[in-house]
Amino acid sequence: NAEYMGQFFDCVVTRDGVWVMVSAPTQACYTARWYSLLWLPIVFGAIYAFGIPGAVTALLMYKQRRLPDLAFALRYGFLIARFRPAFYLFEPLGIMTRKFAVVLAASVLRTPVNKAAGAALVL
């Protein structure tokens with residue numbers, strides 16, 4: 001889940017001046033151990049954000065070439081019915097990219113006002 005991956009980056013400074021994770025206050029942020037694990041949320045976040053839409057896109061492109069038009073429309077209509085045949089990839093590419101940008105804005109920006117403004121700019 002994207003929310004769990006984002007918790008790794010959600011750090012606050014304590015009164016002692018030590019950065020700790022909000023979800024696990026006993027875990028210090030920005031230490032050698034924290035940096036050694038940094039690749040995990042980045043890799044799995046990229047798989048979640050780009051791998052799933054990429055796989056759906058590849059599947060749709062593969063099935064469109066292999067199936068007759070009617071069979072393709074019946075089987076994958078729940079994904080593509082809103083779009084003209086030339087634009088059916090808008091679902092996995094366009095809409096998923098926009099959703100990713102909203103989640104990114106909500107994750108990266110700190111204050112609720114900035115989060116709302118970032119999401120509004122993306123939409």
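Reader: Which helix gives the most to the lining of the second largest pocket?
Author: Helix H4, residues 69-80, with 4 residues. Keep in mind that this is a predicted model.

Reader: Which residues line that second largest pocket?
Author: Gln64, Asp69, Phe72, Ala73, Ile80, Phe83, Arg84, Pro85 and Tyr88.

Reader: How do the lining residues divide into nonpolar, polar and charged?
Author: The lining has 6 nonpolar residues, 1 polar and 2 charged.

Reader: And how much space lies in the pocket?
Author: The second largest pocket holds about 150 Å³.

Reader: New topic. Which residues form the nonpolar patch on the surface?
Author: Phe50, Phe100, Leu104, Val108 and Leu109. Together they have about 450 Å² of accessible area.

Reader: Which helix has the largest share of the patch?
Author: Helix H5, residues 90-108, supplies 3 residues of the patch.

Reader: Where is phenylalanine 50 found?
Author: Phenylalanine 50 sits in helix H3, which covers residues 39-66.

Reader: Why is phenylalanine 50 classed as exposed?
Author: Because its relative accessible area is 53%, and exposed means over 50%.

Reader: What about alanine 101, where does it lie?
Author: Alanine 101 is in helix H5. With a relative accessible area of 24%, alanine 101 is partly exposed. That class runs between the 20% cut-off for buried and the 50% cut-off for exposed.

Reader: Back to the pocket lining, which includes Asp69. What separates the C-alpha atoms of alanine 101 and aspartate 69?
Author: 32 Å. Along the chain, alanine 101 and aspartate 69 are 32 residues apart.

Definitions and conventions. Residues numbered from 1 in each chain as written. Predicted model: local features only at pLDDT ≥ 70, side-chain atom pairs only at ≥ 80, totals over all residues. Heavy atoms only, no water. Patch = residues over 30% accessible without salt bridge, like charges linked within 9 Å, V, L, I, M, F, W, Y side chains within 5 Å. Areas by Shrake-Rupley, 256 points an atom, 1.4 Å probe, with all protein chains shown as cover. Salt bridge = Lys/Arg side-chain N within 4 Å of Asp/Glu carboxyl O. Helix = DSSP H or I, 4+ residues; strand = E, 2+ residues; numbered from the N terminus. Buried < 20%, exposed > 50% of the residue type's maximum accessible area, 1.4 Å probe, protein only. 1 Å grid on protein atoms, 1.4 Å probe; cavity = no way out; pocket = protein on both sides within 12 Å on 5 of 7 lines; lining within 4 Å. Points joined across faces, edges and corners; volume = space filled by probe spheres on them. Nonpolar A, V, L, I, M, F, W, Y, C, P; charged D, E, K, R; others polar.
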